[in-house]
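Keep the model open while you read.

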Amino acid sequence: MKIMTCPMNGPRNIDEFQSFGPVRDELDPEQTADADWSRHLFRAENRKGVVVEWWRHVPSNYFFLAERDLVSNEIIRTFDASQRSGQS
Amino acid sequence: MPLGLLKYGLSRDYPVSEDIPATPALKPSYDVVIIGGGGHGLSCAHHLAKYHGITSVAVLEKGYLAGGNTARNTTTIRSNYITPQGIAFYKEGVALFETLSQELDFNVMFSQRGQLTLAHSEATLRSFHARAEMGKHLGTRTEVVDQKAVQELVPSLNMDYGGALEILGGLWHADGGTARHDAVAWGYAAQASRRGVEIHQRTEVQGFEIAGDRVQAVKTNRGRIACGQVLIATGGMNYDVALMAGVELPIRCYPLQAMVTQPLKPWLNTLVSSVSLHTYLVQSSRGEVVIGGGSDPYQLYSTRSTLDMKEHLAEGAVHLFPFLQGVRLLRQWAGITDMTPDNSPIMGASPLDNLWLDCGWGTWGFKATPVAGKRMAETIASGRVPDILKPFALERFETFQLLNEMGATAASH
């Protein structure tokens, strides 16, 4: 089975994890037009390449970020959300 | 050796019929360029040529004919969806399959044996009632059946009475069936070729020349093609291809995995699927049991198979039919599905005037091969989207008029 390294729990089987999809920037509800809301809700990063995604280690309910290649499925790195800087 | 046989074997005039000609040279321009030589693209080409008199058509295929999701789906044909718009559309699709062998003069081996979807919970049964009522209202054969009827339909089924996965009832869809997926594509390709459509295999689209709101030309690895109209029908590559034209589709790609067993004698007369087990089975006309369909739980462009998914599908199959436990697997594969947020396709106009979309077919595209091709051909020929396609417009995501078919798709999501 594929192994994912959880920043808190170390290497675990991939079926202990749940993907929450590519990271999206938060929108300000007061400032956002309908078209931008629609884009925010329905368009997710899907380019062939590396994405930054939210993942959860289900047994410990710990959310973190992972960089993963959507073509090779290589998990490049995983890190705590507090270390997110300059990512989008 | 009989002399007559020898004469035929050595004769240069031996009557060899060529259904699909070898890839010709690219012309500098075509009235319609169809990107994607799968079932949908070929169906559209056939309908353009036969019903709209448009024969200056090039179908561009990156790989070989019908080698993508047309070859990888599990051939389910049905119309038991839940939205009225979806049911009306898929119902027309089933009707076209009923006469498809005659239409194509090619045996597509359509077998309308019915589909039984199983409920293991009261909640699932309630959703079946909603689907059955909507289906009946729109004139399809869809009904909720009880335990006794389930057992009569499929006597070999493990009902698991009193167990954790007791079968409480089912959704019986007498219109459901299967057809030979390759034959559907080959039949359309042969008919389209006969009327002058050119099929260009190993021709990869690498970009678009866009001026204002129009696509002027399609750039390929074999040269530039000026075009009147363009259709994108590239299955798992729809997001990628549309992006080259600056159109960002609401699509995320996931692999969908399936597998077949060794051939067994005919024992399974219907299509059987289970909502809770995320598993469905159909016995092919060769006797192999086709088992699907597990979507990987995260986005990916790789068509590798995984042991996890094999275990999951095998577990579901053996639970429903315990005697399958000793059966060997012959093949496993995956296809890249272009999933939309509401599990309905995206058909019709794009933000560009002459670029048309037949996209977002996710895990449900094969059954729509005839109807999507027919209706997209009508759209391209007239420049107007017919009423039956209007609900599937890309704009629905801007106007929040989604068509949620989440519960009515067969694979796991």
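**From domains to strands**

In chain B, 15 residues of domain 1 are in contact with 12 residues of domain 2. Two helices of chain B, H3 (69-72) and H9 (238-244), each supply at least two residues of the side of domain 1 that touches domain 2. By class, that side of domain 1 of chain B has four nonpolar, 10 polar and one charged residues. The model is predicted.

Now take chain B as a whole. Its secondary structure comes to 12 helices and 18 strands. Along the principal axes, the C-alpha atoms of chain B fill a box of roughly 75 × 70 × 40 Å. How does the radius of gyration of chain B agree with that of a compact globule, and what is the value? A compact globule with 413 residues would have a radius of gyration near 22 Å; chain B has 22 Å, so the two agree. Buried residues make up 50% of the 413 residues in chain B. Among contacts in chain B with a separation of 6 or more, 76% are between residues 24 or more positions apart.

In E13 of chain B, B:Leu271 and B:Ser273 point one way. B:Val272 and B:Ser274 point the other way. Are these four residues of strand E13 of chain B buried or exposed? All are buried.

Strand E13 of chain B has a parallel partner in strand E4 of chain B (residues 115-119), and four bridges join them. In this pairing, B:Gln115 stands opposite B:Leu271. Strand E14 of chain B (residues 279-283) runs antiparallel to E13 of chain B, with three bridges between the two. Here B:Thr279 is the bridge partner of B:Ser274. E13 and E14 of chain B form a hairpin with four residues between them. In the turn, B:His278 has a positive phi of about 50 degrees.

Turn to chain A. Four of its strands form an open sheet in the order E3-E4-E5-E6, with antiparallel pairing. Why is one side of E3 and of E6 in chain A left without a neighbour in the sheet? Strand E3 (17-22) and strand E6 (75-79) of chain A stand at the edges and each has a single partner strand, so one side of each is left without a neighbour. On average, neighbouring strands of this sheet are turned by 30 degrees against each other, direction ignored. Strands E4 (residues 50-57) and E5 (residues 62-69) of chain A pair in the antiparallel sense over eight bridges. In that pair, A:Val51 stands opposite A:Arg68.

Last comes the contact between the chains. Chain A gives 13 residues and chain B gives 17 residues. Helix H1 of chain A (residues 34-42) gives the most to the side of chain A that touches chain B, with three residues. By class, this side of chain A has six nonpolar, four polar and three charged residues.

How values were computed: Residues are numbered from 1 along each chain as its sequence is written. Chains are lettered from A and ligands numbered from 1 in the order in which they are written. This is a predicted model: local features need pLDDT of at least 70, side-chain atom pairs count only at pLDDT 80 or more; totals for chains, interfaces and linings use all residues. Two strands pair if DSSP finds at least two bridges between them. Axes are lines fitted to C-alpha atoms, for helices over the stretch in contact, and angles run from 0 to 180 degrees between N-to-C directions. The radius of gyration is taken over C-alpha atoms; the globule rule is 2.2 Å times the number of residues to the power 0.38. A residue is buried if 20 or more other C-beta atoms lie within 10 Å of its own, exposed if 12 or fewer, and partly exposed in between; C-beta atoms are placed from the backbone. Two residues are in contact if their C-beta atoms, placed from the backbone, lie within 7 Å. Ala, Val, Leu, Ile, Met, Phe, Trp, Tyr, Cys and Pro count as nonpolar, Asp, Glu, Lys and Arg as charged, and the others, Gly among them, as polar.
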